[in-house]
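Please look through the points below with the model open.

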Amino acid sequence: MTCSILVGGAWGDEGKGKCITYLCNKDKPDIIARAGVGPNAGHSVEFNGEKYGLRLIPSGFVQTQSKLLIGAGVLVDPNVFAHELDYLSKYNVAERTFIDPRCGIISQDHIDRDKSSKHLSEKIGSTGSGCGPANSDRVLRVGKRAEDIPELADYLEDVSIACNDTLNEGGDVFIEGSQGFALSLFYGSYPYVTSKDTTASSFAADVGIGPTNVDEVINVFKAYITRVGEGPFPTEMSQERAEALGIEEYGVVTGRRRRVGDFDFELAKESCRINGATQIALTCVDRLYPDCARTQDYSVLSAETKEFISQVEQETGVPVTIISTGPDLKDTIDLRDELL
């Protein structure tokens with residue numbers, strides 16, 4: 001049995017959706033469990049020529065043999081959940097997706113409070129999805145939980161029991177975290193952070209798995225860094241330079257243009273240390289080094305590309321095992337076997 005956690009290494013938007021989809025499609029875990037804050041973070045998934053944007057249902061949905069779970073630490077917006085069940089109906093997600101009854105619920109009041117708060121919407125750069133106010137009510141012990149919502153009754157299951165039973169029976173569990181390490185309420189660029197911790201330790205707790213059951217922590221970094229919203233950004237470049245390099249981007253949930261910067265080695269070292277990373281996945285390498293676009297063969301990478309990858313490994317002390325060279329699942333270099 002194995003339990004793996006995937007974590008965003010910086011301010012989110014690292015390409016976690018592509019990595020999750022690739023790993024789950026190839027490794028076929030018994031359970032794919034969603035951890036993290038809630039529907040304020042979007043994952044983009046490209047599969048069989050189609051592109052999906054998800055906010056709650058695990059991005060590994062393309063692995064149709066896997067059970068899809070949303071852990072107790074995740075906030076659920078029932079409207080977003082219902083939409084995604086319908087949106088992904090051809091993958092039969094309604095038959096295999098379950099929510100922990102202890103999940104906090106986002107109401108319209110939370111969304112209204114989020115959007116009307118100048119502090120959250122203007123200073124912090126909140127996505128307006130209601131997560132901050134919902135987590136605030138959760139801390140005050142006044143918020144509703146999934147078990148209180150009749151329309152969710154058919155989708156409730158104790159996620160901790162399901163995950164631990166699967167591991168005890170020799171199965172595999174894959175935990176997908178949302179957002180990124182640098183948005184952690186504890187370790188991020190406070191106050192320009194999200195409303196809870198976003199490290200591997202919290203993701204394990206979100207789904208009710210103890211630390212001794214975690215085997216691998218895969219930290220995902222983009223070959224350059226982006227962030228949406230306000231806050232410090234030590235390696236930020238001008239939008240003009242980003243456009244010249246062809247690496248301008250827009251947020252999945254907000255549609256806002258992302259700020260872009262050079263790879264931050266100091267941030268990467270801190271992220272790997274606090275997350276306890278055992279592997280690194282590098283995404284968008286093809287956008288920074290177009291010569292390697294869509295290759296699956298490490299040997300054909302340019303010397304410049306290999307030098308960058310080697311520097312990431314040397315600075316962090318963590319091996320790079322997954323290299324994404326394009327948006328499709330097949331556009332991936334998988335070096336995990338070399339660790340065996």
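Where does Thr-97 lie? Thr-97 is in strand 6. A strand here is a DSSP run of E with at least two residues, a helix is a run of H or I with at least four, and both are numbered from the N terminus.

Two notes on the source. This is a predicted model, in which local features need pLDDT of at least 70, side-chain atom pairs count only at pLDDT 80 or more, and totals for chains, interfaces and linings use all residues. Residues are numbered from 1 along each chain as its sequence is written, and side-chain values use heavy atoms, with hydrogens and water left out.

1. Thr-97. This residue is buried, with a relative accessible area of 0%. Buried means under 20% relative accessible area, exposed means over 50%, and partly exposed is in between (1.4 Å probe, protein chains only). The side chain of Thr-97 reaches the backbone oxygen of Val-93 at 2.6 Å. Not counting residues up to four places away in sequence, Thr-97 touches Ile-57, Leu-68, Phe-81, Leu-85 and Tyr-155. Contact means heavy atoms within 4.5 Å.

2. Positive phi. Asn-92 is not a glycine, yet its phi is positive, about 55°. Asn-92 sits in the loop between helix 2 (78–87) and strand 6 (97–99). Asn-92 counts as partly exposed because its relative accessibility is 42%. Asp-13 also is a residue other than glycine with a positive phi, near 60°. Look for Asp-13 in the loop between strand 1 (2–8) and helix 1 (16–27).

3. A cis peptide bond joins Tyr-190 and Pro-191, with omega about 5°. Pro-191 is in the loop between strand 7 (172–176) and helix 7 (200–207). Tyr-190 is in the loop between strand 7 and helix 7. Is Tyr-190 buried or exposed? At 61% relative accessibility, Tyr-190 counts as exposed. Together with Leu-185, Phe-186 and Tyr-187, Tyr-190 makes a nonpolar surface patch of about 470 Å². Patches use residues with over 30% relative accessible area and no salt bridge; like charges are joined within 9 Å, and nonpolar side chains (Val, Leu, Ile, Met, Phe, Trp, Tyr) within 5 Å. Areas come from the Shrake-Rupley method with a 1.4 Å probe; for residues, only the protein chains shown count as cover.

4. Gln-179. The loop between strand 7 and helix 7 also holds Gln-179. Gln-179 counts as buried, at 9% relative accessibility. Its side chain makes a polar contact with the side chain of Thr-194 (3.2 Å). A polar contact is a pair of N or O atoms within 3.5 Å; within protein, one must be able to donate a hydrogen and the other to accept it, and residues adjacent in sequence count only if both atoms are side-chain atoms. Leaving aside neighbours within four places in sequence, Gln-179 touches several residues, including Gly-8, Lys-16, Asn-40 and Thr-198.

5. Helix 7. Which residues of helix 7 are buried? They are Ala-200, Ser-202, Phe-203, Ala-204, Asp-206 and Val-207. That is 6 of its 8 residues, so helix 7 is mostly covered. The cover includes strand 1, helix 6 (159–168) and strand 8 (216–222). Gly-208 follows helix 7 and has a positive phi, near 80°.

6. Cysteines. How many disulfides does the structure hold? It holds 0 disulfides (pairs of cysteine sulfur atoms within 2.5 Å). For Cys-19, the nearest cysteine sulfur is that of Cys-284, 9.0 Å away. Cys-19 is buried, at 3% relative accessibility.

7. Salt bridges. The structure holds 23 salt bridges. Each is a side-chain nitrogen of Lys or Arg within 4 Å of a carboxyl oxygen of Asp or Glu. One joins the side chains of Glu-236 and Arg-259 (2.9 Å, N to O). Glu-236 lies in the loop between strand 9 (225–227) and helix 8 (239–245) and Arg-259 in strand 10 (residues 259–261), so the pair ties together parts 23 residues apart in sequence. Glu-236 is partly exposed at 37% relative accessibility, while Arg-259 is buried at 17%. Another salt bridge joins Asp-334 and Arg-336 (2.9 Å, N to O). Salt bridges that share partners also join Asp-13, Lys-222, Glu-249, Arg-258 and Arg-287 into one network.
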